[in-house]
Amino acid sequence: MIRDITIGQYYPVDSLLHRLDPRVKLIGTILYIISLFAFSNYYGYIIAAAFLFTVIKISKVPLKFILKGLKAVIVLFIFTATFNLFLTPGKIIYELGFIKITIEGIITAVLMTIRLTFLILGSSLMTFTTTPNNLTDGLESLMKPLNKIKVPVHEISMMMSIALRFIPILMEETDKIMKAQMARGADFETGGLVKRAKSLIPLLVPLFVSAFRRANDLAMAMEARCYRGGEGRTKMKPLKYKGRDLAAFLVLVLYITVLVVINRV
Amino acid sequence: MGIIKAKNLLFEYIRRDEDGNVESINRAIDDVTLDVKKGDFVAVLGHNGSGKSTLAKHINALLVPTEGTLWFKDMNTTEEDNLWLIRQSAGMVFQNPDNQIVASVVEEDVAFGPENLGVPTKDIWTRVEESLNAVGMMEYRGHSPNKLSGGQKQRIAIAGIMAMKPECIVLDEPTAMLDPNGRKEVIRTVKELNKNEKVTVILITHYMEEVIYADKVYVMDDGKVVMEGSPREIFSNVEELKKYRLDVPQVTELAYELKKSGLAIPDGILTTHEFVDAIQKLRQQSW
């Protein structure tokens with residue numbers, strides 16, 4: 001069930017987008033998300049869509065694979081669409097008791113869904129084309145200025161990369177414990193919400209115990225390998241901007257400029 | 001003086017209740033004195049709870065002795081200033097292969113140690129390549145550790161230590177969670193490193209088959225070193241080993257039983273090959 005979610009996964013193909021510096025992709029994604037909520041006329045949508053689909057084309061990640069990621073957030077879509085549909089004031093076209101549907105409601109619901117779709121597609125494209133390690137490296141490097149206000153940037157990124165490394169291990173372990181408990185007659189599938197939640201206890205307790213033991217082992221192994229925080233540490237793969245990264249920044253600037261100009265029309 | 005020297009080492013796990021009163025004291029190491037020569041392959045045997053893992057953690061100062069002293073390369077492990085120097089040249093491989101791999105890509109994990117030491121980027125690459133070659137895992141450099149077998153993961157962990165250019169590797173039951181094939185793989189790698197790279201190896205284990213190639217064997221029981229000598233000397237003494245709840249290799253046991261029932265077979269047979277030779281000699285004599 002957890003394995004069906006494609007959001008946040010890495011899609012290993014070789015493309016220009018894959019080779020870009022993670023910092024460029026992070027900044028680009030953030031700017032793109034901001035841009036989605038900044039424009040106010042219909043041309044904006046066309047440009048945002050054109051930009052998104054061109055980038056998807058360049059990334060060589062199959063569109064079908066990316067769209068699968070939307071399934072996981074469909075509830076969110078329905079939720080926001082419903083709220084927009086019923087709660088936007090305006091010209092009423094249908095009325096049943098206290099439920100009123102307005103033209104403005106329909107328009108905002110549709111537009112909001114499009115914006116959210118673009119947002120999810122854009123940000124999942126970043127994770128599809130960037131390895132988790134690269135992503136944490138990029139975050140660490142971008143957040144470095146925060147070190148001055150005593151944010152433990154290196155430690156945060158270290159925790160993130162360790163978490164990413166242990167997710168598959170802990171998932172496998174969950175599977176194993178689940179099967180072991182089922183073999184002893186545990187029931188995870190039937191019953192009401194309360195009963196189901198309760199049935200998770202024999203799953204979660206051993207899982208937590210094992211996670212703590214792993215954390216302890218790992219801390220010791222890291223210390224044995226001379227880990228003492230970010231100070232004085234070098235990197236095997238330090239991040240360096242290349243020509244293509246500069247080009248990508250220029251494309252981004254161009255995209256933003258076009259949007260700003262269009263917004264004035 | 002050897003690379004590792006312990007004098008009257010003593011270590012106690014002290015359990016305290018919430019008010020800090022001592023609840024129980026568990027003496028894990030009790031008056032251990034040993035001396036390991038540089039370049040040796042040393043095995044430490046003992047059943048569960050004999051204190052062998054605790055001893056291992058003393059060598060690279062993960063634990064410091066309650067009493068007594070341990071010197072690594074003439075550096076006292078209790079002195080804070082020596083800590084990182086000691087850990088750099090006394091690498092340690094642990095039991096669980098999953099819990100000691102830090103990064104999600106093989107080569108990045110091997111680079112973890114050198115990165116911590118502040119080695120320049122270019123040298124990290126050569127070190128990573130050298131150590132991956134040394135353990136024969138070069139073709140997996142771009143893989144995720146999750147997709148490797150237990151034996152392969154352990155070899156990656158060993159490569160990660162080798163990349164720090166240590167003089168000594170301490171392996172704390174590196175094969176306990178592996179299948180027989182993985183076990184052979186790891187022991188072969190360790191043996192090669194000892195021979196080719198001249199690394200001192202301390203192998204902590206309870207598998208008898210793994211210690212027959214060691215230069216020296218220590219047997220621990222209840223925190224004390226109860227036997228020491230070459231593998232042949234140790235395994236000649238089947239009765240005493242059984243007292244410490246340790247098994248001997250199958251061939252050794254067979255030879256021992258045959259000798260007990262009257263055949264003239266020499267003591268301390270370690271390999272099938274030696275056993276076959278002894279039997280053949282016996283046949284020729286009786287002809």
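The contact between the two chains takes 26 residues from chain A and 32 residues from chain B, where two residues are in contact if their C-beta atoms, placed from the backbone, lie within 7 Å. This is a predicted model, in which local features need pLDDT of at least 70 and side-chain atom pairs count only at pLDDT 80 or more, while totals for chains, interfaces and linings use all residues. Residues are numbered from 1 along each chain as its sequence is written, and chains are lettered from A and ligands numbered from 1 in the order in which they are written. On the side of chain A that touches chain B, two or more residues each come from α7 (132-143), α8 (153-183) and α10 (201-224) of chain A; helices (H or I, at least four residues) and strands (E, at least two) are DSSP runs, numbered from the N terminus. The largest share of this side, eight residues, is given by α10(A). By class, the residues of this side divide into 14 nonpolar, four polar and eight charged, with Ala, Val, Leu, Ile, Met, Phe, Trp, Tyr, Cys and Pro counted as nonpolar, Asp, Glu, Lys and Arg as charged, and the others, Gly among them, as polar.

Beyond its neighbours within four places in sequence, Val44(B) is in contact with Lys52(B), Leu55(B), Ile202(B), Ile204(B), Tyr218(B) and Met220(B).

Two of the partners of Val44(B), Lys52(B) and Leu55(B), are among the buried residues of α1(B). This helix (residues 52-59) is mostly covered, with seven of its eight residues buried. After α1(B) comes Ala61(B), whose phi is positive, near 65°.

Helix α6 (residues 150-162) also packs with helix α7 (residues 180-196) of chain B: their axes, lines fitted to C-alpha atoms over the stretch in contact, come within 8 Å and cross at roughly 20°. The two helices are therefore roughly parallel to each other, the term for angles under 35 degrees. Among the residues that meet are Ile158(B) and Met162(B) in α6(B), and Val186(B) and Leu193(B) in α7(B). This contact has four nonpolar, six polar and two charged residues.

Strand β8 (residues 200-205) of chain B holds Val201(B), which counts as buried with 21 C-beta neighbours inside 10 Å. Leaving out residues up to four places away in sequence, Val201(B) touches Phe41(B), Val42(B), Ile169(B), Val190(B) and Asn194(B). The loop between α7 and β8 of chain B contains Lys198(B), whose phi is near 60°, a positive value in a residue other than glycine. Lys198(B) is exposed, with 10 other C-beta atoms within 10 Å. In chain A, Cys226(A) likewise has a positive phi, near 65°, but is buried, with 23 other C-beta atoms within 10 Å.

Methods. Axes fitted to C-alpha atoms, helices over the stretch in contact; angles between N-to-C directions. Parallel < 35°, antiparallel > 145°, perpendicular 65-115°, else oblique. Buried ≥ 20, exposed ≤ 12 C-beta atoms within 10 Å, placed from the backbone.
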